[in-house]
Amino acid sequence: MQKGIKEFQKLLKEQLDFAAQESNKRVASRLIQKSPVAEGEYVSEWEVGLNGFPGDQQRGPDKSKTNTRRRLQQPTQAIKFGQDTFYANHDEVARRIEFGYSGKAPQGVIRVTARAWKRIAKGVARAVTAKAKKRYYETKV
């Protein structure tokens, strides 16, 4: 019985960590996707911090959004359930973009992502369930 409880605790922790990683991966992806690109400097200024506000590091323009996506996805793989995650954009026009300055993002970037949180969370729940089912059926075979 004790072994079964320990296995369940381990599985639950893995699923919660996966949910934290997946939700942050989706939030980071959406922030990048919704970021307007003119010269690519605004999108390149996104930073993620775990358990603390991210520092301001100057980056070069990223019109393709590829480098920024890769850079933000990396720390999300290390997130554990219960950790706080902070996203920040240090570009000088970030505040203006958030409040309608850009015709490409008239509703902002962070506010649009926050409004999508329920949909993001439902998608993560489906991913966690699918992963748990797959693992369950793999152990039964």
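In what order do the elements of the protein chain run from the N terminus on? They run α-α-β-α-β-α-α-α, where helices (H or I, at least four residues) and strands (E, at least two) are DSSP runs numbered from the N terminus. The model is predicted, so local features need pLDDT of at least 70 and side-chain atom pairs count only at pLDDT 80 or more, while totals for chains, interfaces and linings use all residues. Residues are numbered from 1 along each chain as its sequence is written, and side-chain values use heavy atoms, with hydrogens and water left out.

**Figure 1. The protein chain holds 6 helices and 2 strands.**
Let us begin with the whole chain. Its C-alpha trace spans about 60 × 25 × 20 Å along the principal axes. Of the 141 residues in the protein chain, 39% are buried; here buried means under 20% relative accessible area, exposed over 50%, and partly exposed in between (1.4 Å probe, protein chains only). Contact means heavy atoms within 4.5 Å. Among contacts between residues at least 6 apart in sequence, 74% join residues at least 24 apart.

**Figure 2. Strands β1 and β2 run antiparallel.**
Strand β1 covers residues 46-50, and strand β2 covers residues 85-89. The two are joined by 5 bridges; strands pair if DSSP finds at least two bridges between them. Look for Val-48, whose bridge partner in β2 is Tyr-87. Strand β1 is mostly covered, with 4 of its 5 residues buried. In a regular strand, side chains alternate between the two faces of the sheet.

**Figure 3. Helices α1 and α3 pack against each other at an angle of about 160 degrees.**
Two packed helices are described by the angle between their axes and the distance between the axes. Here α1 (residues 2-34) and α3 (residues 66-76) have axes 9 Å apart. Axes are lines fitted to C-alpha atoms, for helices over the stretch in contact, and angles run from 0 to 180 degrees between N-to-C directions. The angle makes α1 roughly antiparallel to α3, on a scale where under 35 degrees counts as roughly parallel, over 145 as roughly antiparallel, 65 to 115 as roughly perpendicular and the rest as oblique. The crossing of α1 and α3 is right-handed; a crossing is right-handed if the near helix is turned clockwise from the far one by less than a right angle, and left-handed if anticlockwise. On the α1 side the contact is made by Gln-21, Asn-24, Lys-25, Ala-28, Ser-29, Ile-32 and Gln-33, and on the α3 side by Thr-68, Arg-69, Leu-72, Gln-73 and Thr-76.

**Figure 4. Lys-65 is a buried residue in the loop between β1 and α3.**
The relative accessible area of Lys-65 is 14%. Its side chain reaches the backbone oxygen of Ser-35 at 2.9 Å, and a polar atom of that side chain lies 3.1 Å from the backbone oxygen of Gln-33. A polar contact is a pair of N or O atoms within 3.5 Å; within protein, one must be able to donate a hydrogen and the other to accept it, and residues adjacent in sequence count only if both atoms are side-chain atoms. Not counting residues up to four places away in sequence, Lys-65 touches Ile-32, Gln-33, Ser-35, Val-37 and Val-43. Most residues other than glycine have a negative phi. Lys-65, however, has a positive phi of about 70 degrees. Asn-51, in the loop between β1 and α3, has a positive phi near 60 degrees and counts as partly exposed at 48% relative accessibility.

**Figure 5. Ser-23 and Glu-14 are two residues of helix α1.**
Ser-23 is buried, with a relative accessible area of 11%. Leaving aside neighbours within four places in sequence, Ser-23 is in contact with Trp-117, Ile-120 and Val-124. Glu-14 is partly exposed, at 32%. Although Glu-14 and Ala-132 are 118 residues apart along the chain, their C-alpha atoms are separated by 9.8 Å.
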